[in-house]
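Subject: A structure to look through

Dear colleague,

I am handing over a structure that I have been reading through, and I would be glad if you looked at it alongside these notes. Please keep the model open while you read.

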Amino acid sequence: MCGITGYVGSRQTDDVLIEGLCRLEYRGYDSCGIALAQKNGKLYLNRVSGRVQLLKNQVKERPPQHGMAGIGHTRWATHGAPSEENAHPHTDCTGELVVVHNGIIENYPGLKENLIDSGHSFRSETDTETIVHLIEAELKKICGGSFRKKAPAETLERNFFEAFRRAVSKLEGSFAVSAIWSRCPELIISARMHSPLVIGKGKDGNFSASDVSAFLKYTKQVYFAEDGDIAVIKKDSILFYDFKGNTLERKLTEIEWDAAMAEKGGYDHFMLKEIHEQPAAVENTLRGRTMPMDGDFVIRELGIPSYFIKSLEQIQFVACGTANHAALVGCRIFGSFGIPCFAEFASEFSDRAKMLNGKTLVIAISQSGETLDTIIAVREARAAGAKILAVTNTVGSTLTRESDYTLYTRCGPEIGVASTKAFLGQLASLYILAGHFAVIRGTLDDSQAEEYAAELVKLPRHIEKILADEKNIRKTAETFSKSEHFLFISRRFNYPIALEGALKIKEISYVHAEGYAAGEMKHGPIAIIYPGMPVIAIAVSSENLELVNGNMAESKARGADVLAIVDEKSAAIAKAAHYIKIPYVPEIFSPMLTVIPLQMFAYYIALSKGCDIDKPRNLAKSVTVR
Ligand code: G6P
């Protein structure tokens with residue numbers, strides 16, 4: 001997730017762009033940059049590796065530019081490490097065209113290869129740079145080889161639009177992209193496909209950005225661009241087109257958010273926003289990495305040799321906190337394909353590390369990629385000869401530098417301390433990896449792989465359905481808001497989700513909650529049940545459903561107030577006082593869904609207690625001490 005911004009109008013363009021980037025820094029801040037048209041038909045381009053303040057210092061000396069178009073970007077790296085070369089805006093070969101982009105261009109390797117073959121030279125490792133060279137190539141075609149010929153402003157603008165339109169029509173993946181061309185210094189063209197883009201209509205000019213926080217200081221009048229929209233933005237006009245060039249009508253909306261609400265997309269907390277971002281986060285994790293049609297799993301960037309995957313004797317997961325719960329689910333997914341797996345808290349790993357060898361793959365899972373316990377565990381595993389695969393959300397993090405292979409979860413920055421969307425991204429990554437390994441090891445044949453991938457790509461829609469049940473989940477949570485103890489139980493794939501449900505409550509509500517393997521109830525936990533104690537059971541369809549049902553009945557018999565997370569098929573069987581119903585999926589995929597109501601449940605309990613949800617007491621987002 002990156003932030004893009006753009007402005008054309010009579011205000012000082014540098015100031016408006018920098019101000020916008022400061023507001024967008026929450027979307028990522030490893031590098032940033034701006035480009036703006038000068039009066040002499042040239043571009044100013046400034047990029048820095050680091051925060052917006054550095055950029056501000058760099059541009060403050062230059063003469064003010066009014067009336068000219070400018071675009072800006074604050075980056076959260078996905079393709080290519082955080083560096084000045086990879087920072088946006090990116091320019092074409094002529095240095096006259098420039099773009100900023102948020103999203104992932106899936107088909108960039110092929111496009112880039114063709115562009116290089118036809119003489120374009122690339123200066124960054126980003127997928128974004130492909131877009132600007134594509135526009136350049138189209139512009140050259142339209143102008144008959146060279147676009148340096150003099151022409152009336154109207155012709156230049158028409159040609160720029162046409163080249164931009166043709167270029168974005170060739171892109172696959174997700175993008176909110178804005179471009180300027182020094183020959184049309186008062187024009188910004190933006191387009192949207194699966195990444196947010198809002199266009200602001202102001203008194204002293206117009207705006208284009210990833211979200212309204214970038215320009216809220218100047219206007220509350222916005223157009224929310226839709227997928228497949230192109231916006232042509234000038235000082236006094238905003239026009240919308242589709243990718244075929246037909247004009248579109250878009251409705252102007254007056255928003256009522258203040259700046260803090262705008263950053264949170266109108267939600268009260270980042271945690272709730274991030275819970276709602278999960279369908280998009282999972283889509284981003286899966287994008288370009290599953291090919292349901294041919295039953296194959298393709299992870300271009302991973303590069304683990306097939307012979308190593310085939311000869312692997314064991315997988316060892318290491319992680320902390322929520323990431324450790326993803327590891328426990330991972331063990332069960334890989335295990336179901338016959339691959340021996342172990343999971344250990346990174347902080348408890350030392351003794352196991354000594355037992356590893358070159359036939360072990362260690363999968364280290366970490367949202368931040370900076371958790372010290374996880375990094376130390378990886379060092380110990382390497383010393384024993386194991387290969388390391390990092391599953392992380394953070395490009396260029398310490399963990400990636402200390403690992404042999406990396407799979408990025410691509411969820412965008414997670415701000416709420418209690419992890420939600422990063423967890424879903426970790427799970428989705430593990431499904432991709434397990435499918436990939438199982439195909440290579442011959443435990444998943446083509447048609448099974450096709451089915452597996454088809455189930456995976458349906459998950460974002462199922463998650464949306466659960467999110468739409470928010471009111472009901474909130475009501476259920478509120479009935480438990482005075483409880484002082486919670487017990488979460490389940491079996492097999494959902495045992496780690498019981499742990500995660502309990503962790504979420506502890507983290508943000510400061511209430512005692514425990515997750516337990518339902519089968520262990522009889523060995524101790526059942527003794528703590530008192531009348532009215534909440535027992536939350538994940539009781540989705542599986543061969544163990546009757547057993548979970550039995551555990552619920554035992555709890556109920558001792559007076560527990562039982563809440564069951566059920567699916568469309570298990571609802572008729574599970575016996576509880578309260579239910580939250582989710583869509584049915586095969587058990588192996590159910591952790592991706594069962595965790596969603598539990599995140600919301602914890603959120604609404606914390607809300608009714610008035611807790612500081614995004615910054616819970618005593619906790620930190622990234623723990624870099626042992
Ligand atoms: C902290 C955070 C948790 C997170 C854990 C591991 O405790 O508060 O939300 O799960 O660290 O972090 P990582 O960045 O390694 O996933």
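Two strands are said to pair if DSSP finds at least two bridges between them, and the strands themselves (E, at least two residues), like the helices (H or I, at least four residues), are DSSP runs numbered from the N terminus. With that in mind, strand β11 is joined to strand β15 (residues 253-254) by two bridges, and these strands run antiparallel; in β15, Glu 254 is the bridge partner of Gln 221. Strand β11 also pairs with strand β9 (residues 198-202), again in the antiparallel sense, over three bridges, and there Val 222 in β11 is the bridge partner of Gly 200.

Before going further, please note that this is a predicted model, in which local features need pLDDT of at least 70 and side-chain atom pairs count only at pLDDT 80 or more, whereas totals for chains, interfaces and linings use all residues. Residues are numbered from 1 along each chain as its sequence is written, and side-chain values use heavy atoms, with hydrogens and water left out.

The domain assignment of the protein chain (bounds from an automatic or database assignment) gives domain 1 (3-261), domain 2 (268-463) and domain 3 (469-626). The centres of domain 1 and domain 2, taken over C-alpha atoms, are separated by 33 Å, and 15 residues of domain 1 are in contact (heavy atoms within 4.5 Å) with 15 residues of domain 2.

Strand β26 (residues 561-567) pairs with β27 over five parallel bridges, and Lys 581 in β27 is the bridge partner of Val 566.

Turning to the rings, the structure holds 17 aromatic pairs; rings of Phe, Tyr and Trp (its six-membered ring) pair if their centres lie within 6.5 Å, and planes under 30 degrees apart count as stacked, over 60 as edge-to-face and the rest as tilted. Tyr 223 and Phe 240 form an edge-to-face pair, with 5.2 Å from centre to centre and 65° between the planes. This pair links distant parts of the chain, since Tyr 223 lies in strand β11 (residues 221-224) and Phe 240 in strand β13 (residues 238-242), 17 residues apart.

Is Tyr 223 buried or exposed? Buried means under 20% relative accessible area, exposed over 50%, and partly exposed in between (1.4 Å probe, protein chains only); Tyr 223 has 11% and is therefore buried, and Phe 240, at 4%, also counts as buried. The rings of Phe 486 and Phe 488 have centres 6.4 Å apart and planes at 35°, so their pair is tilted, and both of these residues are buried.
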